Amino acid sequence: MDLFHTIIAILESTIRVSVPLIFAALAGLFTERAGVFDIGLEGKMLGAAFAAGAVAAVTGNVMMGLLAAVLISVLLSLVHGYASITQRGSQIVSGVAINFIVAGSTVILGEAWFRQGGRTPALSGDARFQTVTLPFADAVRDVPFLGPIYSELLSGHFILTYVAFALVPFSWWILYRTRFGLRLRAVGENPSAVDTAGISVIWLRYRAVICCGILCGFAGAYLSLAMSAGFVKGMTAGKGYIALAALIFAKWRPVNIMLACLLFGFLDAFAIRLQGNPLPLIGQVPVQLMQALPYILTVILLAGFIGKAIPPKAGGVPYVKER
Amino acid sequence: MSDIAIELRGIDKSFGLVHANKNINLTVRKGTIHGIIGENGAGKSTLMSILYGFYQADKGDIVIDGKTVTIKDPNAAIASGIGMVHQHFMLVENFTVLENVMLGAEESQILNTSISKARVELKRLEKEYALEVNPDALIEQLPVGLQQRVEILKALYRRADILILDEPTGVLTPPEADHLFRILGQLKDQGKTIIFITHKLREIMAITDEVSVMRRGEMVATRKTKETSVEELAELMVGRRVLLRVEKGAANLGEVKLSVENLTVRDGRGVTMVDNVSFNLRAGEIVGIAGVAGNGQSELLEAISGIRRAVGGKVLLNGKPIDVTGHVDPRELRDRGLGHVPEDRHHVGLVLKFEEAENGILGYHHEKRFLNGVFLNTKAIQADAEEKIKKYDIRPPNPRLKTANFSGGNQQKIVLAREMERGPDVLIIGQPTRGVDVGAIEFIHKRIIEMRDQGMAVLLVSVELDEIRALSDRIIVMFAGRVVGERDPDATEGELGLLMAGVEGRKEAAE
């Protein structure tokens, strides 16, 4: 394959692996902008992936799978909300607890229900998302340069992929152009200001947490219904944490989030591509190094290149009315 | 229509064992400025929080415009025409003025329409009440005085007829406070009712029509401002006679303890904050540094106490030089006999999350008397704390209590006890009574004089001119980083005021 096609192929898989990151990072954007830190993105995504895989396998309907994913993920979000908003507990502890509970229970339930070593049955046909071919994709395939970009890079993805990218401007619009967004950002900066303005801090934060749950549900469903054909234990493999890194890296802004996720996705795709192939001039690169790159990059870039990432001021702090 | 805007009948509120408000009755007449005064912890803020719907009273009625209302949340308060300007501003710092004003009172779900409507309304309010502020400025870029104006606009935007201001001048410079008073006068003229909460007697006398005094959760008296005096109010507040003016004898001067020569300090941006300042400080005298906040006093204190590096000049402590332009170790300075009561006790003077006893030894914790080998000698620390609590009348007298739970005055006493009891040769004190109530001020002033009489050299910085005049044996006035004059304590307020404003000083420097 020539270089051009190699690049197209790497970029195509960049998009494929970026999608769950974008969903999850946008999910984190909504809660963290409202002042609720969420280290449990990973757990919610994993729970959603399992629910999607299991329900799609039983019903044979991909939409039922997606619905189940969203439900489970919202439910887990509400648990996080109850612990950290209503009971004013530590948001970190609650998030970590969710991650652990989900990591264990998906395997136990999967084994109990399907007896395939923690997997859900392989999905096919209507039980799985199919790729969408954009109009004229085949017609323009042979047009030099632009043809392959359209028909291979942009066309032929899952519907959720297009949803993910559409959600980026949509999230921006919600956050910066609606009343809900204004209040949500305000509650993440100074909840007292919101409270004294006669708005319920608690209800506002719950709504933010629910938004997060819905988006994590999409992320999980994408993993088990689109990217793979079924649930495999631990299939999120740290994507929730990478999404968090992307969120910080992007300074809690929607468009930056997309770019950060694409960058991290690219590193991932590049690493997969590189497996076993020596890099010119450098030679064999350990695959672990490539996998660690997103984290290393976040630390290095945050340390000096993109300036300070200032989190929402009230982030991580439960709201207590002061006397 | 009655001329009574708001009436409280028998309001009662307890938090656990603390009885914060006991059977409070209050009548506020329409179109007046009604002051509520009391020491910290007297229950003023609790009462206002009940009025604004933050808490519900256990008992009692709130009557607004002749109708009994229940105020179960801030929304209900806003609906009843009550607006509140909080002590700590309720503003989102990285939002614009406009966004802050309309937050919670947006016209529609879509922001653009809300913003354009709010802009028109804000313009109208600005014109009507002469409260100009750029609607598109970010709050964090505005000076404190303007931020407060935004808070007032927020209340007016919600059509408040009754404005509650909770300790509004605590964060303001004197000129900003004067400006606020003019605004409040204007609002009153336009028919608004204003409830003004403070613990500063002078403000009550300056702008209120009537004043109610609270003490330990009770409303002890209501007076027409014209018919009362500062002395009477102070006595009502504290519950005993208070000496507003400290008595002190002549200074008994000793040798020079601290000598500052041509000290120059720049801040982080490279702006010269202290410009070629020289003075001497002798044993047994108090030298007061007067000036409007931000004229280099803070930086001067920081440079002498070793917190900030100077760019030029010399400082001699007990005749030996301090390397102010190079490496200074505040701990070494302490060992050499320099005590420091910092201006900002919350951030520099104390660790609020520590217990009282722990804060009582902070900075001296390495001394043998507090140690058992490498471990802290908790018994000695406890005993030390108990002794200081007794001597300085720190309340509540509990060395294990978290420092954040003490009132401002008592926190200040913790710092003063720590620095004074060590018996330094030179004591530098910044804003000794900022945020401190009347009773404690009297005590602190007496202690400072006592220290002087014992032969300590005291350098006092305060933005309260009264305090400087009451305590100092010599007054140095700073303006724009320079010493613009030195006066006796019997110099008139007007004379010092002109120096502080930089008017007289320029002439003098030119001569």
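Which residues have the most contacts inside the largest nonpolar core? Select Phe23(A), Ala25(A), Ala52(A), Ala219(A), Ala246(A), Ile257(A) and Ile164(B), and you have them. What you have open is a predicted model, in which local features need pLDDT of at least 70, side-chain atom pairs count only at pLDDT 80 or more, and totals for chains, interfaces and linings use all residues. Residues are numbered from 1 along each chain as its sequence is written, with chains lettered from A and ligands numbered from 1 in the order in which they are written.

**Stop 1: the core**

This core has 223 residues. A nonpolar core here is a set of buried Ala, Val, Leu, Ile, Met, Phe, Trp, Tyr and Cys residues joined through C-beta atoms within 7 Å; buried requires 20 or more other C-beta atoms within 10 Å of the residue's own, with C-beta atoms placed from the backbone. Now color helix α9 of chain A, residues 201–227: with 15 residues, this helix gives the most to the core. (Helices are DSSP runs of H or I with at least four residues, strands are runs of E with at least two, and both are numbered from the N terminus.) In chain B, domain 1 (4–238) and domain 2 (256–510) each supply at least three residues to the core.

Zoom in on Ala52(A). Leaving aside residues up to four places away in sequence, Ala52(A) touches Gly65(A), Leu66(A), Ala68(A), Ala69(A), Gly220(A), Ala221(A), Ser224(A) and Leu225(A). Contact means that C-beta atoms, placed from the backbone, lie within 7 Å.

**Stop 2: where the chains meet**

Show both chains: 23 residues of chain B are in contact with 18 residues of chain A. On the chain B side, the elements giving two or more residues are α2 (74–79) and α4 (111–129). That side has eleven nonpolar, eight polar and four charged residues, where Ala, Val, Leu, Ile, Met, Phe, Trp, Tyr, Cys and Pro count as nonpolar, Asp, Glu, Lys and Arg as charged, and the others, Gly among them, as polar.

**Stop 3: the two domains of chain B**

Color 4–238 and 256–510 of chain B separately to see domain 1 and domain 2; these bounds come from an automatic or database domain assignment. Their C-alpha centres lie 34 Å apart. Ten residues of domain 1 are in contact with nine of domain 2, and helix α8 (residues 230–238) of chain B brings the largest share of the domain 1 side, three residues.

**Stop 4: a four-stranded sheet**

Next, select the open antiparallel sheet β2-β1-β4-β5 of chain B. Strands pair if DSSP finds at least two bridges between them. β2 (18–29) and β5 (67–69) of chain B are the edges, each with a single partner strand, so one side of each lacks a neighbour in the sheet. Further in, β1 (4–15) and β4 (59–64) of chain B pair antiparallel over five bridges; look for Arg9(B) opposite Asp61(B).

**Stop 5: a six-stranded sheet**

Finish at the open sheet β16-β19-β20-β13-β21-β22 of chain B, with mixed pairing. Four bridges join the parallel strands β13 (286–290) and β21 (474–479) of chain B, and Gly288(B) has Ile475(B) as its bridge partner in β21(B).

Methods
Contact = placed C-beta atoms within 7 Å. Buried ≥ 20, exposed ≤ 12 C-beta atoms within 10 Å, placed from the backbone.
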